[in-house]
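Thank you all for coming.

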Amino acid sequence: MTLSALTLVIVLLAMGTYMGRRHAFKILEGRHPSELHSRPNYHGAFVGLYAALPGAVILMGWLIFEPDLIQSMVMAHFNIPEGPTMTEQVMVIMNKIKIVAAGGQLMGGVSEQITIASQQYNELKSVSFYTLMGSLFVVLSGAMSFAYMQLGIESRVRNKVEKVVRVILIGSSTLSILVTLGIVLSLMFEAILFFGQIPPTDFLFGLQWSPQTALRADQVGGSGSFGAIPLFAGTLMITLIAMLVAAPIGLLAAVFMSEYATPLVRAWVKPVLEILAGVPTVVYGFFAALTVAPFLSNTGQAIGLHVASESALAAGLVMGIMIIPFVSSLSDDVINAVPQSLRDGSYGLGATKAETIKQVILPAALPGIVGALLLAVSRAIGETMIVVMAAGAAAKLSANPLESMTTVTVQIVTLLVGDQEFDSAKTLSAFALGLTLFGVTLILNFIALRVVQKYREQYD
């Protein structure tokens, strides 16, 4: 039903756009194009927007109010006593009605009241569908006709179209900000509940992480230790190893592609390198667990070192490989954006290509490169699958990368898997970890922006 209505809106949008453009070209017959205030594309967009925007509003309102309206009309024949379980009873009955209305069967048979209600449900849905399609056609056709009559050689439709586009862009930006704010607030509310049970100082500065707690008073279990330092230390260790792999290789690959490679080589190398970015992280996890970790363990034994079967080094190395295309692609774009005049000036002064890259291009591209590296760090911090499969889940506070470690994201997943009580400190600690991690990545992004702003002022 929704698809049919959406199709009608799109068809009328396309029809309006075509009619508006065609009308503009008719106006231009025998005239110079400069006499038309707005280009024909704007005439088409003006009529198309008049057709589409009211349709979008009607369709959105229908999606919001139609289900509740039909439910209230169908449920009016059922006598459901008010109480704390009223909402659940209504949901159960409506599910039965929808199943029978769709031609399905219920276990234990169907009562006559449900049968009658399902027939009424189907009738109301049909009435709703035809009402929606009819109202869409009438309103959109009227709006399109009105817009069509507004067109003329002096019509300032470009200003109106750009004003609508500006409103749409502002609305999209506002929506993204509100979504981000909602995510932060949802984390914050749950984290506040956690800090009501565990002091923030114990969480932020504690050296032991063992979130196992007894759910009942008579149950045998731990009292729980919620020191987050081992988790952030493990995250830092694995991220550092990953960046030691990804940063030099990715940056050197970017320099090669932008400064040394021929166009043909670049056209082949860059897509091949970026294929790594399309590999699912679980595949990297298999590679780390089945190939890299055993290789490191066997190599360590051969030279007399103890390397755990799941180690931070294995996870960091594979994560670094995964991030290489991220660094190289962003750095390549940044290096290519350096003005050619800087290169020409350097060559004019007698500098070699290597000297030009080292003394001119890389310093000029430094803000973007730093931003790319910090974005790669954020990507490494958020990675979970590789760590689960290659580094283990033990929260250890150690500086030895050959031991197994875990990260914040792995612990968040572990805490929220399975049946959990959302008022226990164990479950709520996941939200506290998420909020802290959000703060860390926010600080990294802020640093990246500040670096970019500082050096951009120097070279622009």
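Let me begin with leucine 28, which lies in helix H1, the helix covering residues 2–28. Please keep in mind throughout that this is a predicted model. Is leucine 28 buried or exposed? Its relative accessibility is 14%, and because buried means under 20%, leucine 28 counts as buried. If we set aside residues up to four places away in sequence, leucine 28 touches Pro33, Leu36 and Pro40.

Next comes helix H2, which runs over residues 40–75. With 36 residues at 1.5 Å a residue, H2 should span 52 Å, and its end C-alpha atoms are 53 Å apart, which agrees. Even so, H2 bends by about 35° at phenylalanine 65, and proline 67 follows within four residues of that position.

Turning to the protein as a whole, its secondary structure comes to 15 helices and 2 strands. The radius of gyration is 31 Å, whereas a compact globule of 460 residues would have one near 23 Å, and the C-alpha atoms fill a box of roughly 80 × 80 × 40 Å along the principal axes. Of the 460 residues, 38% count as buried. Finally, if we consider contacts between residues at least 6 apart in sequence, 72% of them join residues at least 24 apart.

Methods: Residues are numbered from 1 along each chain as its sequence is written. This is a predicted model: local features need pLDDT of at least 70, side-chain atom pairs count only at pLDDT 80 or more; totals for chains, interfaces and linings use all residues. Side-chain values use heavy atoms; hydrogens and water are left out. The expected span of a helix is 1.5 Å times one less than its number of residues. The bend at a residue is the angle between axes fitted to the seven residues ending there and the seven starting there. Buried means under 20% relative accessible area, exposed over 50%, partly exposed in between (1.4 Å probe, protein chains only). Contact means heavy atoms within 4.5 Å. The radius of gyration is taken over C-alpha atoms; the globule rule is 2.2 Å times the number of residues to the power 0.38.
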